[in-house]
Structure formats: C-alpha cells, structure tokens
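Subject: Structure handover and notes

Hello,

Here is the structure you were waiting for, with my notes below it. Please read them with the model open.

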Amino acid sequence: MLRLLVPAAMLLAGACAPSARDLGRQAFFRHDYTAAREHFEQSAQNGGKDYVLHRLELATVMFEQGDYEAAEAVLLKATKIMRGTSGELEGTVSLIAHESAKQFKGDPFEKAMANFYCGLIFYMKGDYGNARAGFMQARMADKAGSDEQFQDDFAIASYFAGRCSIKMHEYDNARVFFERARAAQPGNRYFAEEALDDNVIFVLQLGRSPVKTRTGPGGSLDDYSRGHYRETGANVWADDAMLGSSAPGVDLLHQAKTSSRTVKDTIQTAKGVVKEGLFAAAVMTDDSKTSLMLALAALLFPSGADTRQWDLLPGEVHVVSARLKPGRYTIRIDFFEENRLLQDYEQVWENVEVLDDADTLLVFRSGSGKRGGTMGVTQAGTGDTGAPAEPAEPVETDTPEPASTEQSAEPAAGETNPPSIVGTTDQED
Amino acid sequence: MAIRKMVMPVLLTALAAAAGCGSYGRVPIDTDDNVKDTGLESKDLLTTVEIMAADMVALPEIAEAAAPPTIAFLEVENASTEYIDTNLFLEDIRTELLQNARGKFRFLDRAKIEAIMKERNLKRAGEITTSGAKDLLGADLFLTGSIRNILRADGRRETNMMSYRFRLVDAESSLVIWEKDYKAKKQITKAWYER
C-alpha cells in the first residue's frame with residue numbers, strides 16, 4: 001500500500017501544478033507580459049483541440065507588447081481555423097462525449113474580436129485593404145452568430161471599415177459603414193460626420209471579458225455574465241490638454257448574450273435532461289444497487305457545456321478620436337468608475353508620435369497598476385514635439401460625460417434590414 | 001461487472017483523444033489546404049496566375065511586338081473580405097509570367113528603384129566598379145489589378161465568389177490594352193454544431 005502512495009502523491013501533485021497556460025494568465029493579469037508570453041509560447045506548443053485558444057492567448061500578449069507583426073501571424077492562423085468547418089466527426093464525438101471534446105473555435109464574439117485585432121494591426125501598417133477585410137470579417141462573424149434583431153451591432157468594426165473605405169476612396173461603402181455604426185451606437189460622437197477628419201484614434205480596451213458559465217439542465221448550456229471590473233469610461237489627454245471622453249464601440253457581454261442558439265444547444269439540452277433524469281431515477285429507486293448504478297451513470301454522463309473561452313479579452317472597447325498636429329506627445333489616460341476617478345488606473349505614455357501622412361491608431365488597455373511607459377515608434381515618421389492643433393476645452397475631471405450604453409436593435413430610419421449578403425465588395429469602377 | 005463499467009468511459013476518452021490527434025508532413029504545393037472554408041487558398045492563387053500568364057503571352061500586342069515590351073507592376077488592390085498579401089501575390093504573378101513568358105516580355109523592378117539609383121550614382125561617382133553604363137528602362141506597360149468578392153451567408157451555408165481582375169495599361173497613352181476578370185466560387189456548409 002505504501003508503495004502506491006508515493007507515485008499516487010506525485011500524480012496528484014502533477015495534476016494540481018499550474019499549467020503553462022495558467023501561469024501565463026496569472027502573469028498577464030499582473031501586466032507581466034514578458035513572462036506571460038513565455039508561458040503562452042510553451043502552451044502553444046501543444047496542439048490538439050485547444051490549438052486556436054492557445055494561439056489567441058499568445059496573440060493577445062504579443063499585441064499588448066506592441067509586437068504586432070508576431071500577433072498578426074498568429075491571429076491569421078487562428079482566424080482561418082475559426083472560420084472554417086471541421087467536419088461532422090468532431091461534432092459526433094462531442095455528441096456522445098463532453099462538448100469540450102471538439103476543436104475550440106470560439107463563440108461568435110470571440111471570432112469577431114480575433115478579426116477585429118487583425119484589422120487594427122493592418123490599419124496601423126496603413127494596409128487599408130486587409131484592415132477592412134479584418135473589420136468586415138469581424139462584422140460577419142458577429143452577424144452569423146447573432147439573433148436577427150442584434151445583427152450588425154458590432155459598431156466599432158463598422159466604424160473602422162468605414163475609415164478604411166475612405167482611405168480606399170470608396171466613399172459610398174464608407175457612408176454605409178458609418179450609418180451602420182451610428183445605428184448601433186447612436187450616442188457615440190466619434191462616429192459622427194464631424195469626427196471623421198480626426199487623424200488620431202484611440203482604442204481603449206476596458207475591463208475583463210464576460211465570464212462563461214454553465215446553466216440549464218445538467219449544466220448543458222452556456223451563459224455569460226459580466227466580468228468583474230470597475231472602469232466604465234476614460235478621458236484622454238495630450239500634453240495636458242483634454243482630447244475627449246471615451247464612447248463605447250462594442251460591449252462584449254452584449255455580444256456574448258445575443259448569440260443565437262443552434263442545433264447543438266438543443267442536443268446539449270437533451271443530454272442535460274437525460275442526466276437529470278438519471279439522477280431523479282437514482283433518488284426514486286428503492287433498490288440500493290440500482291440506485292447506485294443510476295447515480296454513477298448520471299455522474300459519468302457527459303452533458304456539461306463547453307466553458308472554454310478566450311478570457312484575456314476586454315469587457316468593452318471604447319474609442320476617442322482627435323485632430324492633432326504631427327509630432328510627439330505625452331498621452332495620459334484617466335479611467336473612471338461612473339463619475340469617480342480610479343487613481344491607480346492612470347496611464348501616462350511618453351513619446352507618442354502623431355504622423356503627418358497617415359492616421360495614428362493607438363490601442364490601450366485598462367488595468368489597475370498599469371502605469372504606462374515610453375511608446376515605441378510603431379510607424380515611420382519624424383516630427384518635432386508640437387502642441388495639439390486646437391486647444392481642448394477644460395472638462396471637470398470628476399464628472400466625465402457618461403458613456404452611452406444604448407444598443408440599437410433596429411436599423412436606422414429609412415434603412416432596410418441587413419440583407420443576406422454579409423460582405424459585398426464588388427463595385428462597378 | 002467492474003470491467004464493463006470501465007469500458008464506456010475508456011471508449012469515450014479514446015474517441016475524444018482520436019478526435020484531437022494531429023499529423024505532420026510535407027505535401028505538394030497544389031494540395032488543398034486542410035482547413036475547409038470559402039477563403040483564399042494557395043491553390044487558387046497558383047491557378048489564377050497560370051491562366052493569366054497564358055492569356056498575356058497570347059496577346060497580339062505581346063506576341064507580335066518587334067521587341068519584348070517592358071512591364072512594371074503597380075499595386076494589386078485588395079477590396080475583398082479576405083486577408084491577402086498583395087505583395088506576395090504580385091511576386092507570384094511575376095515569377096509565373098517570367099517562367100511562362102518565353103522571352104515575350106521583360107519586367108522592371110520598380111520596388112527596388114531607390115537602391116538601383118543609389119548604386120548607379122556610386123558607379124558614376126567612381127566609388128564602386130562598373131561593367132558599363134546602361135540606360136534605366138522605362139515601362140511600356142503597367143500591370144495592375146484588384147481582388148474583390150461577394151460573400152453570402154445563409155444559416156450554415158456560406159458562398160464566396162472571388163474575382164481577380166487584372167489589366168495591362170499602355171504607360172505612354174494610358175490605353176487599356178487588356179483586362180480580364182478571373183472568378184472562382186466556393187461553398188461550404190458548416191457542421192451542425194458550429195456557429
């Protein structure tokens with residue numbers, strides 16, 4: 001008996017030891033991106049059914065580090081698999097085994113965000129064709145997986161697709177994209193006509209991703225709840241002049257909860273009902289041996305929903321835009337919880353370059369204790385440090401303008417419902 | 001009896017593991033990509049370029065030209081919903097055309113023009129050796145193009161019509177001497193459990 005204890009204890013210790021992925025997540029949330037990347041690179045060496053999830057996590061860290069080339073390469077691999085179909089065998093396996101037996105491909109909002117990040121990276125490079133492809137793929141992923149009334153509400157992707165279309169001189173397409181963005185987020189002043197001349201765009205990732213849990217009979221269905229975070233908005237400053245308060249571009253909890261149910265959810269529900277039925281039968285049976293067997297069958301019956309998720313995503317994505325003279329600036333971002341300034345969330349970034357021949361896209365992420373630093377030059381260009389083009393009006397820092405959280409479920413007046421053509425780019429010259 | 005109770009979980013575990021097993025190996029370059037989607041595959045690019053090369057070589061303006069015309073590439077615009085490395089696309093076209101052209105046209109590398117001008121200046125200044133001065137060639141023709149698509153999704157079914165449009169433009173007169181649109185259509189039906 002003693003001879004079995006040592007190997008059993010070792011096995012138990014191995015099972016309880018944190019995985020490379022767990023270590024990576026811990027490092028990520030304490031903003032140690034170097035350590036996080038090392039751990040995620042290790043976990044990404046494992047293939048199998050979590051291939052895509054490992055790569056999404058790795059790409060997230062690369063993105064936070066500003067290593068956009070590496071993030072692009074990893075994201076493109078991941079998005080190709082997320083979009084494709086794996087065939088019927090995997091589904092059959094997950095039918096009789098746990099739902100998590102199949103290849104992870106993400107929920108619609110995760111597919112949308114993977115493509116959204118691709119779009120941002122290409123936009124930073126000035127590759128507006130591929131950037132627009134990313135934003136359109138994000139819109140399509142959201143549309144394909146949403147209930148009909150919530151299709152085309154990934155506003156920030158529509159906004160950026162519109163900006164790309166302007167760069168490509170496709171003004172009719174741009175107009176349609178901006179209309180869709182405004183319909184989904186009518187309160188966002190940065191989607192308005194007047195703001196489209198702005199040459200600096202700040203994308204602010206707030207909070208933590210929605211949390212995926214099991215619900216329904218036998219825990220057979222998945223559901224989402226708000227991730228735990230405090231920040232609800234931000235103010236952006238350039239060289240001590242206020243540029244603006246952030247406005248929401250997309251709420252990922254809303255996207256997660258408006259995903260449509262499919263055939264697999266019906267089958268999962270049936271599995272859950274069977275599991276609960278077995279438990280009930282075990283309770284009601286008089287014969288103890290039969291009761292034990294039924295209880296064991298119920299325990300072993302795999303009805304649990306797949307709760308794997310890309311939990312390094314933010315909870316919301318906000319946007320601020322402004323017009324600044326080319327040059328280098330110190331950018332300060334203040335984050336707020338309703339009207340209360342979150343002191344330890346302040347970020348100050350030095351040496352931020354605004355280009356003179358292209359839009360400057362800057363992406364930031366909120367986090368307690370994340371101080372900022374010196375921005376690396378992500379785009380070519382030189383310029384002397386200059387003042388903002390127009391002096392910003394001072395704004396009370398303890399009463400920021402409340403961010404609009406309205407979601408438009410209906411198309412704007414005069415606009416028809418989204419057609420079945422989810423991505424039309426063919427256009428007469 | 002105890003063994004029978006173990007069979008089902010073991011069998012399920014084995015099935016799940018089998019579903020996750022991968023493989024590795026080199027494959028021919030025109031093999032279909034493993035991931036089934038309606039997006040661009042390497043095979044699509046190769047097929048398009050091969051057809052285009054054959055079309056261009058057969059053009060009367062090229063086949064009957066007194067001297068092989070010089071062609072410079074302008075950009076290929078990606079106006080589709082697919083991620084496309086347009087530089088790679090152009091390089092593939094140029095390589096294929098050179099292999100199939102049989103001396104019918106000559107290509108200019110305008111992407112390297114700055115490096116070429118620097119080298120020429122150094123030679124003319126006597127700072128590096130030269131095998132003799134040559135004229136910098138002007139382009140007789142520009143090759144340009146665009147990639148577009150129409151993507152439709154209806155429930156689990158997705159259809160993607162890709163359009164690769166290329167044209168040759170006279171660099172002197174701006175006359176379009178050739179233009180062609182290559183189309184390819186793909187359709188997939190996603191598995192019942194996918195969304």
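The notes below start with conventions and confidence, then go through chain A and chain B.

Conventions and confidence

This is a predicted model, in which local features need pLDDT of at least 70 and side-chain atom pairs count only at pLDDT 80 or more, while totals for chains, interfaces and linings use all residues. Residues are numbered from 1 along each chain as its sequence is written, and chains are lettered from A and ligands numbered from 1 in the order in which they are written. The model scores ipTM 0.77 and pTM 0.81. Helices (H or I, at least four residues) and strands (E, at least two) are DSSP runs numbered from the N terminus. Two strands pair if DSSP finds at least two bridges between them.

Chain A: the open sheet

In chain A, 4 strands make up an open sheet with mixed pairing, in the order β6-β7-β1-β11. Its edge strands, each pairing on one side only, are β6 (247-251) and β11 (360-365) of chain A. On average, neighbouring strands of this sheet are turned by 25 degrees against each other, direction ignored. Axes here are lines fitted to C-alpha atoms, for helices over the stretch in contact, and angles run from 0 to 180 degrees between N-to-C directions.

Strand β1 (residues 200-206) of chain A runs parallel to β11(A), and 6 bridges join them. Within this pair, Val200(A) stands opposite Thr360(A) in β11(A). Helix α9 (residues 155-167) of chain A packs on the sheet and touches β6 and β7 (316-322) of chain A, its direction making about 115 degrees with that of β6(A). Contact between two residues requires their C-beta atoms, placed from the backbone, to lie within 7 Å.

Chain A: helix α5

Helix α5 (residues 68-83) of chain A has 16 residues and reaches 21 Å from its first C-alpha to its last, close to the 22 Å expected at 1.5 Å a residue. The expected span is 1.5 Å times one less than the number of residues in the helix. Among the buried residues of α5(A) are Tyr68(A), Glu72(A), Leu75(A), Met82(A) and Arg83(A). A residue is buried if 20 or more other C-beta atoms lie within 10 Å of its own, exposed if 12 or fewer, and partly exposed in between, with C-beta atoms placed from the backbone. The buried residues of α5(A) pack against α4 (51-65) and α7 (108-125) of chain A.

Chain A: the strands around β8

Strand β4 (residues 233-238) of chain A pairs with β8(A) in the antiparallel sense over 6 bridges, and Ala238(A) stands opposite Ile331(A) in β8(A). β8(A) is also joined to β10(A) by 6 bridges, again antiparallel; here the bridge partner of Arg332(A) is Val348(A) in β10(A). Between β8(A) and β9(A), which run antiparallel, there are 2 bridges, and Glu337(A) has Arg340(A) in β9(A) as its bridge partner.

The hairpin of β8(A) and β9(A) has 2 residues between the strands, and Glu338(A) takes a positive phi near 55 degrees there. Most residues other than glycine have a negative phi. Glu338(A) lies in the loop between β8 (327-337) and β9 (340-341) of chain A, and counts as exposed because it has 12 C-beta neighbours inside 10 Å.

Asn351(A) also has a positive phi, near 65 degrees. Asn351(A) is found in strand β10 (residues 347-354) of chain A. With 14 other C-beta atoms within 10 Å, Asn351(A) is partly exposed.

Chain B

Chain B has 5 helices and 5 strands, which run α-α-α-β-α-β-α-β-β-β from the N terminus on. Of its 195 residues, 23% are buried. Residues 24 or more positions apart account for 67% of the contacts in chain B with a separation of 6 or more.

pLDDT is the predictor's confidence in each residue, from 0 to 100. The mean pLDDT of chain B is 80, and 79% of its residues reach 70 or more. Among its elements, helix α1 (residues 2-20) of chain B has the lowest mean pLDDT (57), and strand β4 (residues 157-170) of chain B the highest (90).

Tyr182(B) is found in strand β5 (residues 176-189) of chain B. Tyr182(B) counts as partly exposed, with 18 C-beta neighbours inside 10 Å. Leaving aside neighbours within four places in sequence, Tyr182(B) is in contact with Thr48(B), Ile51(B), Met52(B) and Tyr164(B).

Regards
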